[in-house]
Amino acid sequence: MQKYIWIALFLFSCQFSYGQYMVKDIPEALKKDADVVYFVNDLKFEIINAEKATKKVHRVLAIMNPKARNEAVFGVFYDELTKIKTVEAKVYDQHGKLINKLGKKDYSDRSYSDGLFTDDRVLVADLMQLRYPYIVEIAYELELSYTYSIPNFYAYPRYNTSVMESVYELTAPEEFQPNFKLTNTDLKLMKRTDENTGALINSLRFSNLPAKKKEAYSPGLHKHTPVLYAAPSKFSYEGYEGNFNTWESLGQWQIALNKGRDVLSEETKLEMKKLTAGLETKEEVVRSVYEYVQNKTRYISIQLGVGGFQPFPAMEVDETGYGDCKALSNYTAALLKSVDVDAQYTWVYAGEYPPDVD
């Protein structure tokens with residue numbers, strides 16, 4: 001990542017207001033079964049236009065015991081399309097006395113690749129202390145050059161965590177208002193209009209949430225605690241505009257990403273004709289092409305910007321012999337079409353625990 005990220009990171013001061021937080025001010029009811037107590041868990045997201053958004057996060061939490069030691073380590077994720085504008089991390093003792101405020105040299109800047117070829121990075125703030133309880137505070141602002149992804153909001157960050165106050169606020173012009181779904185609560189999303197800009201502001205506030213105790217075979221926390229899900233309506237991602245108002249519009253956006261990327265050379269088409277000549281059934285043709293791809297290519301995952309959704313051109317995969325899941329799928333579909341087998345590029349999920357898709 002370019003060095004100017006660090007310049008932007010420390011030239012700007014964070015614009016959050018801070019108060020004094022002390023463990024003695026936590027209500028007894030919120031200490032029960034709580035390894036962590038959030039004084040503040042705020043998220044503000046603003047959609048400025050189709051290609052620009054900002055995200056502000058402010059969290060203040062008490063680490064009550066060693067079971068929650070990892071909660072004192074924060075990661076701020078960024079890449080070429082996500083810039084860190086400000087970041088500030090502090091740690092206090094249980095009485096609210098400042099112990100440490102991280103400076104530039106105290107952050108760890110790491111690749112976040114998990115074996116993939118990607119520009120994803122994470123700025124890590126480690127605020128761990130040896131004496132419990134203590135209080136940590138993190139505040140940061142990100143500038144996004146896309147509006148494809150809108151953060152969800154979870155009233156409970158984890159099991160055995162209580163929350164004194166949790167606030168979500170999303171601001172957007174009317175034409176970019178997201179689609180929302182609020183689960184496991186009777187609260188309603190509040191809406192108002194910004195008097196200066198005319199943008200619509202959606203907000204949600206939770207207060208005094210007691211901890212949910214983790215027990216054996218407990219279901220996923222978010223299956224039974226309040227969650228606000230958000231998905232974009234109209235959006236743009238590196239110049240590719242779309243909307244997620246319907247399954248059809250989602251599919252049309254992917255089709256637009258794939259347009260013109262299934263072209264093969266005449267030489268490869270002729271090779272496929274020869275490969276499948278004499279095969280009597282469609283199943284035999286498909287198996288032949290599938291085995292051809294297995295023998296010719298290798299898997300390399302590359303996730304850069306919209307490349308997380310857009311496959312490499314089939315001709316490029318044909319020439320280099322490698323690609324990720326999208327590229328190899330697109331390439332295989334192109335090969336099948338070249339021998340008159342209709343093939344559809346499709347999103348699939350493989351695994352024991354499929355995600356909820358709404």
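## Strand β9 and its neighbours

Within β9, Glu 143 is the bridge partner of Lys 83. Strands here (E, at least two residues) and helices (H or I, at least four) are DSSP runs numbered from the N terminus. The model is predicted: local features need pLDDT of at least 70 and side-chain atom pairs count only at pLDDT 80 or more, while totals for chains, interfaces and linings use all residues. Residues are numbered from 1 along each chain as its sequence is written, and side-chain values use heavy atoms, with hydrogens and water left out.

β4 (residues 82-93) is joined to β9 by 11 bridges, and the two run antiparallel. Strand β2 (residues 52-63) is also antiparallel to β9, again with 11 bridges; in this pairing Leu 61 stands opposite Val 136. Of the 11 residues of β9 (134-144), 10 are buried, where buried means under 20% relative accessible area, exposed over 50% and partly exposed in between (1.4 Å probe, protein chains only).

## The open sheet

The sheet is open and mixed in pairing, with 8 strands in the order β5-β4-β9-β2-β1-β11-β14-β13. Two strands count as paired if DSSP finds at least two bridges between them. β5 (98-101) and β13 (190-193) are the edge strands; each has a single partner, so one side of each lacks a neighbour in the sheet. On average, neighbouring strands are turned by 15° against each other, direction ignored, with axes taken as lines fitted to C-alpha atoms.

Met 190 stands opposite Ser 203 of β14.

## Helix α7

Helix α7 covers residues 325-338; its 14 residues should span 20 Å at 1.5 Å a residue, and its end C-alpha atoms are 20 Å apart, which agrees. The expected span is 1.5 Å times one less than the number of residues.

Because 11 of its 14 residues are buried, α7 is largely enclosed by the rest of the structure. Among the buried residues are Leu 328, Tyr 331, Leu 335 and Leu 336. Just after α7, Asp 340 has a positive phi of about 65°.

## Helix α3

For α3 (residues 247-258), 12 residues should span 16 Å at 1.5 Å a residue; the end C-alpha atoms are 17 Å apart, which agrees. Its buried residues include Leu 250, Trp 253 and Leu 257. The buried residues of α3 pack against β16 (234-237), β17 (240-243) and α7, with contact meaning heavy atoms within 4.5 Å.

Technical notes: Axes are lines fitted to C-alpha atoms, for helices over the stretch in contact, and angles run from 0 to 180 degrees between N-to-C directions.
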